[in-house]
Amino acid sequence: MTSNARRKDEVHVANGGVKLTTWSKAFKSSAVWDEKDEFLDVIYWFRQIIAVILGVIWGVSPLKGFLGIAIFCVINAGLVYLYFSSFQQIDEEEYGGTWELTKEGFMTSLPCFWWSG
């Protein structure tokens, strides 16, 4: 018996198989990513969400200046690194190495952080 929530996350393909949606795979540990861009999009949007959340926290707390930006950079990069290396356990070399994945969407997350704070 399949629940309604699970059925929403599944897309049936022509040959009778089931393909999970992008966001279902994003929250599933060690998911299989068929397309490289699909995983990079998840990292990009994950980083934007982190930036907005941290921006609101930094706006409420007294973290300002260079120290606030430096701590944001460390937390943002660290969470994304933990996501793709520990949670998803992907082969970084398929995506151009650890550095390429770590910097994916980083520059666009700075304005999200700045304006939400």
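Let's start with a pocket: in this predicted model, the lining of the largest pocket splits by class into five nonpolar, five polar and one charged residues. The volume of that largest pocket is about 180 Å³. Around the largest pocket sit Gly-55, Trp-58, Gly-59, Leu-63, Lys-64, Gly-65, Gly-68, Ile-69, Phe-113, Trp-114 and Gly-117. Which elements give two or more residues to this lining? They are α3 (36-60), α4 (65-87) and α6 (106-116).

Now for how those helices pack against each other. Two packed helices are described by the angle between their axes and the distance between the axes. Here are the pairs:

| Helix pair | Axes come within | Crossing angle |
|---|---|---|
| α3 and α6 | 7 Å | roughly 25° |
| α3 and α4 | 10 Å | roughly 145° |
| α4 and α6 | 12 Å | roughly 130° |

Take α4 and α6, whose axes cross at roughly 130°. That angle makes α4 oblique to α6. As for handedness, α4 passes α6 in a right-handed crossing. On the α4 side, the residues that meet α6 are Gly-68, Ile-69, Phe-72, Cys-73 and Asn-76, and their partners in α6 are Phe-106, Ser-109, Leu-110, Phe-113 and Trp-114. Sorted by class, this contact of α4 with α6 has seven nonpolar, three polar and no charged residues.

Next up are α3 and α6, with axes crossing at roughly 25°. Angles under 35 degrees count as roughly parallel, and α3 and α6 are therefore roughly parallel to each other. Their crossing is right-handed. From α3 come Tyr-44, Arg-47, Gln-48, Ala-51, Val-52, Leu-54, Gly-55, Val-56 and Trp-58, which meet Phe-106, Thr-108, Ser-109, Cys-112, Phe-113 and Ser-116 in α6. In the contact of α3 with α6 there are nine nonpolar, five polar and one charged residues.

That leaves α3 and α4. Is their crossing left-handed or right-handed? The crossing of α3 and α4 is right-handed. The α3 residues in this contact are Phe-39, Val-42, Ile-43, Phe-46, Arg-47, Ile-50, Ala-51, Leu-54 and Trp-58, while α4 brings Gly-68, Ile-71, Phe-72, Ile-75, Asn-76, Ala-77, Leu-79, Val-80, Tyr-83 and Phe-84. By class, the contact of α3 with α4 divides into 16 nonpolar, two polar and one charged.

Note on methods. Residues numbered from 1 in each chain as written. Predicted model: local features only at pLDDT ≥ 70, side-chain atom pairs only at ≥ 80, totals over all residues. Heavy atoms only, no water. 1 Å grid on protein atoms, 1.4 Å probe; cavity = no way out; pocket = protein on both sides within 12 Å on 5 of 7 lines; lining within 4 Å. Points joined across faces, edges and corners; volume = space filled by probe spheres on them. Helix = DSSP H or I, 4+ residues; strand = E, 2+ residues; numbered from the N terminus. Nonpolar A, V, L, I, M, F, W, Y, C, P; charged D, E, K, R; others polar. Axes fitted to C-alpha atoms, helices over the stretch in contact; angles between N-to-C directions. Parallel < 35°, antiparallel > 145°, perpendicular 65-115°, else oblique. Left-handed = near helix turned anticlockwise from the far one by under 90°. Contact = heavy atoms within 4.5 Å.
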